Amino acid sequence: MNDACAQPAQTAVFYDAIFFDLDGTLLPMDVPDFLERYYFHLGVLARERGFDASVMTEALNEGMRVMGDHEPDITNIEAFWGMFERRFYELEGTWADRQAIEEFFDEFYRTRFDLAGEHIVADPSAQRAVSTLAAKGYPLYLTTMPLFPREAVLARLRWAKVDAGLFARITSCENSTAVKPQVAYYYENLFIAQTEPARTLMVGNNTLDDLVCLNAGMDAYLVTDHLINTNGYNIDSVKHGTLAQFCAFAESLPPCTSTTALAGDPMRSPLEDDSAGVAWARSGDRNLHPHADWEDTL
């Protein structure tokens with residue numbers, strides 16, 4: 001890697017806040033391996049609780065898919081349940097017992113989800129980078145793909161050995177109305193952070209899902225350890241480097257003196273500020289959708 005990549009912070013940069021992706025950025029992850037384990041353990045618990053594992057998986061996938069294609073006046077989790085229940089009915093011929101299904105997923109994420117990540121080895125550079133920036137006073141936002149419930153996001157932070165308490169906001173399906181690579185996802189988080197896009201840095205590993213933040217006027221740093229570049233993006237056009245090199249970048253930043261960003265409630269929804277449903281996002285910002293299979297979007 002050339003010197004420009006190794007030392008990307010040669011000019012002074014001032015940020016109001018820093019956004020982080022999780023999977024493949026702070027958390028080393030082999031997505032196919034993770035998903036194989038995820039579905040295996042989900043199926044095991046489904047059968048133990050008397051559910052048809054294939055029905056649960058099919059309804060789950062349809063619910064995940066619709067999180068990337070719904071009206072902006074509901075959260076992703078509301079969209080999920082609407083589709084899950086519909087697909088469950090189509091497959092079973094009877095309506096799902098919503099309370100029983102919710103209890104099943106709660107139990108899965110509390111007791112079995114960690115089994116899907118037991119093979120993952122954390123990169124110490126992740127906690128080092130986050131704690132360095134927190135110590136410098138930067139408001140930090142975990143802007144991970146909001147398809148999972150908060151419990152699952154917190155679990156993955158534990159796998160990464162990153163302190164969840166250092167983030168002012170953690171996106172999840174409960175507090176988001178959009179997904180990556182929709183520009184609206186970044187707008188709604190910028191709106192909650194109350195920061196200037198150009199003074200907000202997005203740190204991620206995906207040239208589509210993460211670098212679409214550039215369309216919202218944000219700055220970006222592309223972490224290359226687990227780079228996903230399916231669209232052939234010229235990574236030399238943005239700041240990039242390994243996670244260890246990002247640590248050096250973080251250490252080179254001056255202390256944050258901006259008071260623009262709101263600390264906020266990590267569970268805060270943009271709908272709490274705009275009952276009409278994120279009307280501040282421009283039309284067209286939701287035209288991009290995740291890949292056909294939600295599993296490809298982590």
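Helix 3, helix 4 and helix 5 (98-111) each contribute at least two residues to the lining of the largest pocket, where helices (H or I, at least four residues) and strands (E, at least two) are DSSP runs numbered from the N terminus. This is a predicted model, in which local features need pLDDT of at least 70 and side-chain atom pairs count only at pLDDT 80 or more, while totals for chains, interfaces and linings use all residues. Residues are numbered from 1 along each chain as its sequence is written, and side-chain values use heavy atoms, with hydrogens and water left out.

The largest pocket has a volume of about 300 Å³, and 16 residues line it, of which Ile77, Phe105, Asp106, Tyr109 and Pro149 lie nearest its centre. On a 1 Å grid over the protein atoms alone, a pocket is an open set of points where a 1.4 Å probe fits, with protein on both sides within 12 Å along at least five of seven lines, and lining residues have an atom within 4 Å of a point. Grid points are joined across faces, edges and corners, and the volume is the space filled by probe spheres set on the points. Helix 5 gives the most to this lining, with five residues. By class, the lining has 11 nonpolar, no polar and five charged residues, with Ala, Val, Leu, Ile, Met, Phe, Trp, Tyr, Cys and Pro counted as nonpolar, Asp, Glu, Lys and Arg as charged, and the others, Gly among them, as polar.

Met67 is placed in the loop between helix 3 (53-66) and helix 4 (76-92). Because its relative accessibility is 2%, Met67 counts as buried, a term that means under 20% relative accessible area (1.4 Å probe, protein chains only). Leaving aside residues up to four places away in sequence, Met67 touches Asn76, Phe80, Pro146, Leu147, Cys173 and Val179, contact meaning heavy atoms within 4.5 Å. Met67 and Ile77 are 10 residues apart in sequence and 7.3 Å apart in space, C-alpha to C-alpha.

The strands form an open sheet of six, in the order 3-2-1-4-5-6 and with parallel pairing; two strands pair if DSSP finds at least two bridges between them. Strand 3 and strand 6 stand at the edges with a single partner strand each, so one side of each is left without a neighbour in the sheet. Four bridges join strand 4 (residues 200-204) to strand 5, where Tyr221 is the bridge partner of Val203. Three bridges join strand 5 to strand 6 (residues 239-241); here Leu222 has His240 as its bridge partner, and Val223 stands opposite Gly241.

Five of the five residues of strand 5 (residues 219-223) are buried, so strand 5 is largely enclosed by the rest of the structure. In a regular strand the side chains alternate between the two faces of the sheet. Asp219, Tyr221 and Val223 point one way from strand 5, and Ala220 and Leu222 the other way.

Helix 8 (residues 183-193) is also largely enclosed by the rest of the structure, because 10 of its 11 residues are buried. What covers these buried residues includes strand 1 (17-20), strand 2 (140-142), strand 3 (169-170) and strand 4. Helix 8 is followed by Gln194, whose phi is positive, near 60 degrees.

Technical notes: Buried < 20%, exposed > 50% of the residue type's maximum accessible area, 1.4 Å probe, protein only.
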